[in-house]
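Here are my notes on this model. Please read them with the structure open.

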Amino acid sequence: MRVLLVEDDKKAAALLARGLGEEGFVVDIAGSAEDGEEKAFVADYDLIVLDWMLPGKDGLSLCSQLRARGVATPILMLTARDALSDRVSGLNAGADDYLTKPFAFEELLARARALLRRSELTRPTILGIDDLSLDPLTQRVTRAGAVLNLTQKEYAILHMLLRYAGEVVSRARLAEQVWKADLLAIDNLIDAHMSNLRRKVDAPGARGLIHTVRGRGFRLTSEEDQGA
C-alpha cells in the first residue's frame, strides 16, 4: 500500500514514515500543501495522511481542493485541534477520519488500516476494458469470452495495467509493485514478460490494448495511443 504523508515537521514525518514502512507501507513525504497537492496528482496513493497545520495553505484547504478535483483517496486528518467544530470542519472538507495530536502510533495504524479496508470494499470486483476482463477474486482473465492462461507475473502486470487503465504505468512502478525490486535489476524481465503478455492479450486479429509509451512506460487502453 502506498501512502502520501503531508507533514511539515520533518522529525515527526520521518518517525511516522519509518513506522509505516516497518508495517509494509511505501511512504512518500510532502512538507507543504503545495508539495502534497502535486504528489497527489502525479502518483496514485491508497491513503493520504494529512496534517491540518501546514505552512502557507493549510491541510483543510488542501483536503477541500483534492475532493473538488475528484481525488477519492481516503484522507486521515492529523491535528492538535480537538474542538467539536474543528472535527466537523475537517470531515465536511472531505476527510474520512480525524486523529487528534498527540496520538499513539498504534491508533494511527489501526485507523489507516480501517480506511484501507473500507476503500477496498468500494473497489469494483471485476476489472475490464473493451472485451478484456479480469476477476481479482478468482484470478480468471478472459478476452472476448476466451480464458487466458497467464503466469503469475503476467497476471500481476495485467492487473496493475487494468487497475490504472488509461494511465501510463512506468517501468519503475512495475518493478516496485510486481517484483519488489529496483528497475535496473529486472528491466529485461519486464520486456520479456510484457512481450509474452501481449501475445496472449493482443492475439492476431484482436484490437491492440497494451501500448508502449516511449520513455515513460505502458498504457492499457482501447484507443490508439498517439505516444506509442
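1. Start with arginine 143, which sits in strand β8. The model is predicted, so treat what follows as computed. Is arginine 143 buried or exposed? Its relative accessibility is 7%, and the cut-off for buried is under 20%, so arginine 143 counts as buried.

2. What does the side chain of arginine 143 reach? Another is the backbone oxygen of valine 201, which lies 2.6 Å from a polar atom of the arginine 143 side chain. Setting aside neighbours within four places in sequence, arginine 143 also touches other residues, including Asp130, Asp131, Leu132, Leu148 and Asp202.

3. Val201 leads on to helix α8, where it is one of the buried residues. Ile186, Ile190, His193, Met194 and Leu197 are buried there too. In an α-helix, residues three or four places apart point the same way, because there are 3.6 residues a turn.

4. What do the buried residues of α8 pack against? Among the strands are β7 (132-135), β8 (140-143), β11 (210-213) and β12 (217-220). The helices α6 (152-163) and α7 (171-179) are partners as well.

5. Helix α8 covers residues 183-201 and has a kink of about 30 degrees. The kink is centred on leucine 189.

6. Now the whole protein. It has eight helices and twelve strands. Of its 228 residues, 43% are buried. The C-alpha trace spans about 65 × 35 × 35 Å along its principal axes.

7. Last, charge. The protein has 30 positive and 34 negative charges, and their mean positions are 3 Å apart.

Conventions: Residues are numbered from 1 along each chain as its sequence is written. This is a predicted model: local features need pLDDT of at least 70, side-chain atom pairs count only at pLDDT 80 or more; totals for chains, interfaces and linings use all residues. Side-chain values use heavy atoms; hydrogens and water are left out. The bend at a residue is the angle between axes fitted to the seven residues ending there and the seven starting there. Helices (H or I, at least four residues) and strands (E, at least two) are DSSP runs, numbered from the N terminus. Buried means under 20% relative accessible area, exposed over 50%, partly exposed in between (1.4 Å probe, protein chains only). Contact means heavy atoms within 4.5 Å. Lys and Arg count as positive and Asp and Glu as negative; His and the chain ends are not counted. The place of a charge is taken as NZ of Lys, CZ of Arg, CG of Asp or CD of Glu. A polar contact is a pair of N or O atoms within 3.5 Å; within protein, one must be able to donate a hydrogen and the other to accept it, and residues adjacent in sequence count only if both atoms are side-chain atoms.
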